[in-house]
Amino acid sequence: MKKMIAASLALMLAGCTPSSSAEPEPMEKEFRCAVTVTGSSEYTGTIERAGGSNWKIELTSPESAAGITLCYLADGKCSLELQGHTVVYGRDNIPQGGVFDLVTSAADMCIENKGVTNRTTDDGSKCSGAVKGMSFTAESTKGMLSSICIGDDIRAEFTELLPSSLSSCTE
């Protein structure tokens with residue numbers, strides 16, 4: 001009888017503790033949300049990922065950047081639009097430390113689970129890796145990206161889901 005009670009208790013306890021090797025929840029591949037990126041400057045706006053790894057960032061602040069739309073496309077092209085004027089260039093031509101290039105590259109690595117280490121946390125999952133020679137960590141909750149920290153200076157916070165509008169980048 002004691003063995004049966006001990007076995008039952010062991011099974012109950014084993015079922016109540018989360019497995020340390022639990023796979024992190026897959027991250028959403030397509031979304032649109034508000035973003036705040038801090039580093040040498042602070043930027044706010046919306047960020048959207050759709051169609052594989054196409055990104056669209058619409059800046060609302062600081063005032064000097066308000067109205068700029070950046071698009072990072074899966075084919076390696078980028079565009080910058082301001083007041084109806086658009087410039088298209090290759091992603092390889094972006095300065096090594098371009099804050100949004102770093103943020104979207106790190107996010108792609110986490111979302112696609114490529115070149116990163118993923119672990120489950122109490123609130124969701126934490127992903128870590130290196131992008132363009134800089135280490136980063138990203139956190140997600142319920143499969144949604146919530147933050148990315150790159151190096152010691154760059155932090156992106158993702159909040160408030162919004163309706164999609166990526167079509168202007170893919171036309």
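Trainee: How many salt bridges does the structure hold?

Mentor: This is a predicted model, and the structure holds 9 salt bridges.

Trainee: Why is the contact between Arg32 and Glu48 called a salt bridge?

Mentor: The closest N and O atoms of Arg32 and Glu48 are 3.7 Å apart. The cut-off is 4 Å between a side-chain nitrogen of Lys or Arg and a carboxyl oxygen of Asp or Glu, so the pair qualifies. Arg32 lies in strand 1 (residues 31-38) and Glu48 in strand 2 (residues 42-50), so the bridge ties together parts that are 16 residues apart in sequence.

Trainee: How do you know whether Arg32 and Glu48 are buried or exposed?

Mentor: Buried means under 20% relative accessible area. Arg32 has 15% and Glu48 has 2%, so both count as buried.

Trainee: What makes the pair of Glu58 and Arg32 a salt bridge?

Mentor: Their side chains meet at 3.1 Å, N to O, which is within 4 Å, so the term applies. This pair links distant parts of the chain, with Glu58 in strand 3 (residues 54-61) and Arg32 in strand 1, 26 residues apart.

Trainee: Why is Glu58 called partly exposed?

Mentor: Glu58 has a relative accessible area of 24%. The class lies between 20% and 50%, so Glu58 belongs to it.

Trainee: What makes Glu157 and Arg155 a salt bridge?

Mentor: The N to O distance for Glu157 and Arg155 is 2.4 Å, so the pair also lies within 4 Å.

Key:
Residues numbered from 1 in each chain as written. Predicted model: local features only at pLDDT ≥ 70, side-chain atom pairs only at ≥ 80, totals over all residues. Heavy atoms only, no water. Helix = DSSP H or I, 4+ residues; strand = E, 2+ residues; numbered from the N terminus. Buried < 20%, exposed > 50% of the residue type's maximum accessible area, 1.4 Å probe, protein only.
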